[in-house]
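Here is a walk through one part of a protein model, taken step by step. Please keep the sequence and the structure in view while reading.

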Amino acid sequence: MKNRLILFLIAATLLFSCSNQQQAVAAGQPNAEVKKLSATEFSDKIKQTPDATIVDVRTEEEYKQGHITGAKNIDWNESEFETQIAKLDKTKPVLVYCLSGSRSSDAASYMSKNGFKEIYELDGGMMKWRAANLAEVADTAATEQSSAKGMTIQEYEALLKTDKYVLVDFHAPWCGYCKMMEPSLDDIAATMADKVVVVRIDTDQNEEVAKHFEIDALPVIMLYKNQQLVKKEVGYQTKKQLLKLLE
């Protein structure tokens with residue numbers, strides 16, 4: 001009798017354990033690993049897995065201005081993201097990217113937790129893709145509109161023709177650290193106008209200039225004196241750090 005009771009308890013324990021494992025799998029656990037790939041590795045993976053789903057999680061405007069061939073546009077910041085992503089085949093490999101990697105990292109993490117089995121993320125996003133001179137396609141109308149608004153290299157160089165320091169801030173509307181730096185830059189522009197000219201360049205709207213200077217991460221600060229680049233800093237800078245650049 002005692003042996004039967006022990007066997008019953010063991011069987012019940014195993015059954016409970018298996019049930020919990022099944023529930024965990026049903027809930028999307030364990031999460032799939034997200035593998036980060038360089039631009040060339042990402043390009044190779046696309047060629048090696050023709051049945052993979054490529055997802056561009058940028059805005060529609062960004063997508064139209066230039067995207068990887070075959071990519072679906074599902075904006076990470078849109079309310080319909082979850083609904084649209086749920087329509088994809090979770091058993092197929094998925095390759096995800098944005099402009100610099102922030103949004104794609106969040107999107108890849110979401111997919112990992114929601115049943116996708118094989119996920120690859122473009123490390124550094126389209127900025128790294130473009131820096132590697134890899135192919136992309138664009139909507140003609142969007143490209144023409146962007147070109148009309150975009151700054152040329154000649155126009156950029158004209159901004160440097162001053163005896164003051166020129167502090168150039170490469171940023172984008174979606175970049176959180178860029179937004180955090182904006183008040184400091186505005187204050188420097190207002191209080192140090194006799195010493196420095198602050199120029200803010202939206203990389204989304206000025207692709208030619210961003211590509212020319214190989215801007216593949218944001219924010220980027222470039223400081224000029226007498227039309228010569230004297231300092232370059234990549235990443236968030238406090239007001240104290242910005243002021244130190246001008247010493």
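Helix H9 lies across strands E6, E7 and E8, and runs at about 150° to E7. The model is a predicted one. H9 covers residues 176-191. At 1.5 Å a residue, its 16 residues should span 22 Å, and the end C-alpha atoms are 24 Å apart, which agrees. The helix is not straight throughout: H9 bends by about 35° at Glu182, and the proline Pro183 follows within four residues.

Which residues of H9 are buried? They are Cys178, Met181, Ser184, Leu185 and Ile188. In an α-helix there are 3.6 residues a turn, so residues three or four places apart point the same way. The buried residues of H9 pack against strand E6 (165-171), strand E7 (196-202), strand E8 (220-225) and also helix H11 (239-245).

The strands under discussion belong to an open sheet of four, ordered E7-E6-E8-E9, with mixed pairing. E7 and E9 (228-234) stand at the edges with a single partner strand each, so one side of each has no neighbour in the sheet. On average, neighbouring strands of this sheet are turned by 20° against each other, direction ignored. E8 and E9 pair in the antiparallel sense over six bridges. Lys225 stands opposite Gln228 in E9.

Leaving aside neighbours within four places in sequence, Phe42 is in contact with residues including Leu37, Ile68, Tyr97 and Trp129.

Terms used:
Residues are numbered from 1 along each chain as its sequence is written. This is a predicted model: local features need pLDDT of at least 70, side-chain atom pairs count only at pLDDT 80 or more; totals for chains, interfaces and linings use all residues. Side-chain values use heavy atoms; hydrogens and water are left out. Helices (H or I, at least four residues) and strands (E, at least two) are DSSP runs, numbered from the N terminus. The expected span of a helix is 1.5 Å times one less than its number of residues. The bend at a residue is the angle between axes fitted to the seven residues ending there and the seven starting there. Buried means under 20% relative accessible area, exposed over 50%, partly exposed in between (1.4 Å probe, protein chains only). Contact means heavy atoms within 4.5 Å. Two strands pair if DSSP finds at least two bridges between them. Axes are lines fitted to C-alpha atoms, for helices over the stretch in contact, and angles run from 0 to 180 degrees between N-to-C directions.
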